Structure formats: C-alpha cells, structure tokens
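Keep the viewer open and follow along.

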Amino acid sequence: MDEPKEVTIQNYKGWEDFYKIKKSEKLDFFIRKGRMLDILFSQQFDRDFLNNMCQLATQIRRMALTKMGARKLSGLLSHKRAMLYFVQPSTRTFISFLNACHILGMKISEIRGTSTSSEVKGESQEDTIRTFASYVNLIIIRHPEAGFAEKTAWLLNQNKLPVAIINGGSGPDQHPTQALLDIYTLERSFRNIGGMDGKKIAMVGDLKRGRTVRSLSYLMRNYKDVTLYFVAPEVFRMKDDIKSFLNKHNIEFHETDDFASVMQHVDAIYMTRIQKEYAEAPAEETDVYPQFHFTKEHLSVIQSHCIIMHPLPRRYEIDVEVDKDPRAVYWKQERNGMWMRAALISYLFGVDDEIATEYR
Ligand code: NCD
C-alpha cells in the first residue's frame, strides 16, 4: 500500500523563466560538442537528423540479425550505464528502451514507481534524479508532468553534469521517441511510393491529450506538402499550440469529426485511444466514441496502400479483425521502436559512425 507522501518542494531559480522560452530558441542549451545531449521534444529534430536516424535504425536492425553483428553492437556501449526512471505506467516504451540498451551492451538500473524510492521519505524528485546522475550516463524518464524531463536536463546541465536525458513521455505533452519511431514506420511503409513528402495523414481520437500525435505533428515541418487531417470528437480536438505551429510553418491541416469522409483519401491513418487517465473526473468519462473506431468494414474503403498505425495500447479503436490485413502496421511500428531507440542512443554516445562504417 502506498504511504501518504509529503514530498519536499524545492524552488530552482531560473527554471520557470527557462521553461517559458520558446522551444526553437533554446535548442543550443541541450547540445554538447555539436551533438544533442538531451532528447526532450520533437522540435529538436531536423530532416537530416530524421533521415540519419531512420538509416541507422535499419543498419542496427540488419546487424542484429547475425551473431557477429549482434556481438559487435553489444560491445559499443558496454562501458556505459543507463537508468530507466518510469513513474507513469508503461509496457512497450519501457521494454523497448530496455532492449535497445541491451542491444548496445549497456548496463541498466530501473525505478518503476515512486513508492519504492526515497521519495516515500519526502525526498524531492529533483534530488532523486540528482542521485541517479551520480551513477549513470543516461537517464530515460517517463513522468506524468509536462516539462519534468526538460527540468531534469536543465538542472543537470546547470551543474555541468554530462548525463544525457531522454524524455520517454511527459504527461499529455510530448513523446519525442515515439514520434521518431512513427516517422521511421511511415518512411519504411512509403519507401516505394516516394517517402513522406506529399502524403496525407489522418490522426484520429483523443488529439487533445494524446502526446504521440502532438510530437508527430511537430515533425511535419521537416517534410514537403504533407496534409494532416485531425479527426476527433469536439471535446478532444487538437490544441491551439499545435495548430499555430502548423500555421506558422505553412503545413496544411483540416479538422473534422467525420471519420468516414476522410479515411478514403489518406495515405496513413494514425489511431489513438481516449486518454482517460487525464480526465478531471475519471469515473465520469465512460464514452468510447464508436464513430472514431476503425472496423474491418473500413478495410474495403481505404486506399490499397493506406497504412493503419497506433502507438498502442489500444482499447476499442481498432477491431482485432483488422490486425491480419497487411496495411495494419501497428505491431511492426511497435518493433520499430526498439531499433529506433537503439539508433538514438548510439547517436547520443557518438558510436553511430562505427555502425555506419559497417555499410560503407
Ligand atoms: C502511448 C503513450 O504512453 O503515450 N503509448 C506508447 O508510448 N507506446 C500512447 C498511450 O498511452 O495511449
């Protein structure tokens, strides 16, 4: 049973002001020696970076197939340690990061809830993280609060601690590594039809509180002539911050609650679940919104190349009958996460070139 907690609140001078600065204006703060040290939000990624990460993920995937390749990979970071600090529920993001670290030979420690750490004694989360930083080279954080991973990176950078931070999901705000694996899935699926440029993508469901669709939307500025269709019930429409970002970067988007009218025209359908855990009165949120579900009947309506994605876990949004269709790529998408995260970690520690040389 969880003890009632009284956690120490510490005030860090300068953090509030730093957090308010526009993301695009503080990218340099998270760069060390010409390379990103912390991965916190999608606005950090440009097209070259995305292309390189997709290529690297594929190279790691291929290398891992053979015993010799796998052995080479597992020697790359055997001198590094990582901490997984996951204080919000997670299955696949946790497992996929864990396996990505293992592929590269890293040693892992983990905390999967605040009830077994010194936070029970009232230690602040910042001090807890500071403690991890004494032991490891990389901290991967999933946290219910928007901005918590960024705050940690800010704090460690202020103290000149060269520990990398990866945001593995920050409340309803962002999930940048999910966006990377989503781009990888889209690019791979469209590799014979010109890649991402010019594609039409529908995002469906809880766009207001779903961090995956938010992080993915930011990445669209890197591609040419992409059109987004935000398909959501009135109460879960995409928030204004994303819409103004898209307007600013001249990215075409449309909003509708009519799923049927959109699905036949698009190249990808990104389904999401209703994020009930963020409901103000969870017990009252019982609607399942069947008009925003993808059923097996829809398979005959969508285009022959249109892929169906989902960050998972799913509830009722996609009928299990749909899983067998080759256009249903969500299980592939899930596996892509491990390769992409291994690519990202190898980039962070500068061993990406050693992987690339295998293919030169
Ligand atoms: C998502 C998440 O946690 O944001 N899942 C994931 O990371 N694969 C989506 C969700 O929880 O609905």
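Click on I139 and leave aside its neighbours within four places in sequence: I139 is then in contact with M83, Y85, I129, F132, A133, V163 and I165. In contact here says that the C-beta atoms of two residues, placed from the backbone, lie within 7 Å. Bear in mind that this is a predicted model, where local features need pLDDT of at least 70 and side-chain atom pairs count only at pLDDT 80 or more, while totals for chains, interfaces and linings use all residues. Residue numbers run from 1 along each chain as its sequence is written.

Now zoom out. I139 belongs to the largest nonpolar core, which has 94 residues, and I139 and I269 touch the most other members. Helix α11 (residues 330–348) gives the most to this core, eight residues, and the core draws at least three residues from each of domain 1 (31–174 + 337–349) and domain 2 (176–275 + 287–335). A nonpolar core is a set of buried Ala, Val, Leu, Ile, Met, Phe, Trp, Tyr and Cys residues joined through C-beta atoms within 7 Å. A residue is buried if 20 or more other C-beta atoms lie within 10 Å of its own, exposed if 12 or fewer, and partly exposed in between, with C-beta atoms placed from the backbone. Helices (H or I, at least four residues) and strands (E, at least two) are DSSP runs, numbered from the N terminus.

What about the two domains themselves? Their bounds come from an automatic or database domain assignment. The C-alpha centres of domain 1 and domain 2 lie 26 Å apart, and the contact takes 26 residues from domain 1 and 20 residues from domain 2. On the side of domain 1 that touches domain 2, α2 (47–63), β6 (164–170) and α11 each supply at least two residues.

Next, where does the ligand lie? Both domain 1 and domain 2 give residues to the shell around the ligand, so it lies between them. R92, T93, G169, H175, Q178, R211, T212, R273, P311, L312 and P313 surround the ligand, each counted as near if its C-beta atom, placed from the backbone, lies within 6 Å. At least two residues of this shell come from each of α4 (92–103) and α8 (211–219).

Finally, have a look at strand β7 (residues 200–204), where four of the five residues are buried. β7 pairs with strand β8 (residues 227–231) in the parallel sense over five bridges; pairing takes at least two DSSP bridges between the strands. K200 has T227 of β8 as its bridge partner.
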